[in-house]
Amino acid sequence: MQEAELIERDGGLVPGGEGWFVLNAKAARWEESAEFGRYTRWEGDDDARFKELGINVNVLLPGQPACMYHGEDAQEDFLILAGNGTLIVEGEERPLEPWDLVHCPAWTKHVIVATGTELLVVLAVGARNGRTGLIYPRDAVALRHGAGVERDTPDGHEAYASMSALVPIRYVEGDLSG
């Protein structure tokens, strides 16, 4: 296997194709939305997407959810690296602190929300199995945290219709320690 070339895009470096690479999160392309904070996934454009495993780092401001409350047909796991938050899982709330691992088998309905007074930094990892199923269920707890839909839908475009677009940005100094 050859090394993938790293190329400059709006917001930072991305792999230019398949192959192995080393890319520091602070040099990688980041994206930001007003509702869901900032994240990097270390992937390139469509031809340089990771086929088997999704991985990203999310940086959330107090009050921001990582995404909309959902369940899907693939496993997802989350490691809290810094800050405090709340896991909404199957309609219940659980407090989160650094080094908590959240394991969500397929179809576990979930979302993480930054509920502390500082940034919440989360490492997210998920299987990519040719996704065929996704649901955004209405949930009162998720709605209370600004992370829910008004009616059940399997359509991500509908679930995120009122949200702002992701914008490529460079790493924001201070988001990650070290």
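**Loops, sheet and side-chain pairs**

Me: Where is the place of Glu-90?
Reply: Glu-90 sits in the loop between strand S8 (85-89) and strand S9 (92-96). Strands (E, at least two residues) and helices (H or I, at least four) are DSSP runs, numbered from the N terminus.

Me: Before we go on, what kind of model is this?
Reply: It is a predicted model, in which local features need pLDDT of at least 70 and side-chain atom pairs count only at pLDDT 80 or more, while totals for chains, interfaces and linings use all residues. Residues are numbered from 1 along each chain as its sequence is written, and side-chain values use heavy atoms, with hydrogens and water left out.

Me: Back to Glu-90: is its phi positive or negative?
Reply: Glu-90 is not a glycine, yet its phi is positive, at about 50°. Most residues other than glycine have a negative phi.

Me: What about Trp-42, where is its place?
Reply: Trp-42 lies in the loop between strand S4 (37-40) and strand S5 (53-60). Its phi is also a positive value, near 60°. Trp-42 is buried, at a relative accessible area of 15%.

Me: Which strands form the open sheet?
Reply: The order is S9-S8-S11, three strands with antiparallel pairing. S9 and strand S11 (110-114) are the edge strands, each pairing on one side only. On average, neighbouring strands of this sheet are turned by 25° against each other, direction ignored. For such angles, axes are lines fitted to C-alpha atoms (for helices over the stretch in contact), and values run from 0 to 180 degrees between N-to-C directions.

Me: Over how many bridges do S8 and S9 pair?
Reply: Five bridges join S8 and S9 in the antiparallel sense; two strands count as paired if DSSP finds at least two bridges between them. Within this pairing, Ile-88 stands opposite Glu-93 in S9.

Me: Glu-93 again: with which residue does it form a salt bridge?
Reply: The partner of Glu-93 is Arg-144, and their closest N and O atoms are 2.8 Å apart. Arg-144 belongs to helix H1 and Glu-93 to strand S9, so that distant parts of the chain, 51 residues apart, are linked. A salt bridge here is a side-chain nitrogen of Lys or Arg within 4 Å of a carboxyl oxygen of Asp or Glu. Arg-144 is exposed at 57% relative accessible area, whereas Glu-93 is partly exposed at 38%.

Me: How many salt bridges does the count come to?
Reply: The count comes to 12. One of them joins the side chains of Arg-170 and Glu-8 (2.3 Å, N to O). Arg-170 is in the segment after S14 and Glu-8 is in strand S1 (residues 6-9), so this pair ties together parts 162 residues apart in sequence.

Me: Which residues are linked in a network of salt bridges?
Reply: The network holds Arg-41, Glu-43, Arg-49 and Arg-128. Within it, the side chains of Glu-43 and Arg-128 meet at 2.6 Å, N to O. Glu-43 is in the loop between S4 and S5, and Arg-128 is in the loop between strand S12 (120-127) and S13, 85 residues apart. Glu-43 is buried at 2% relative accessible area, while Arg-128 is partly exposed at 28%.

Me: New topic: how many aromatic pairs does the structure hold?
Reply: There are four aromatic pairs. In Tyr-136 and Tyr-160, the ring centres are 5.8 Å apart and the planes stand at 90°, so this pair is edge-to-face. Tyr-136 lies in the loop between strand S13 (134-135) and helix H1 (140-144), and Tyr-160 in the loop between helix H2 (156-159) and strand S14 (167-169), 24 residues apart. By the rule used, rings of Phe, Tyr and Trp (its six-membered ring) pair if their centres lie within 6.5 Å; planes under 30 degrees apart count as stacked, over 60 as edge-to-face and the rest as tilted.

Notes. Buried < 20%, exposed > 50% of the residue type's maximum accessible area, 1.4 Å probe, protein only.
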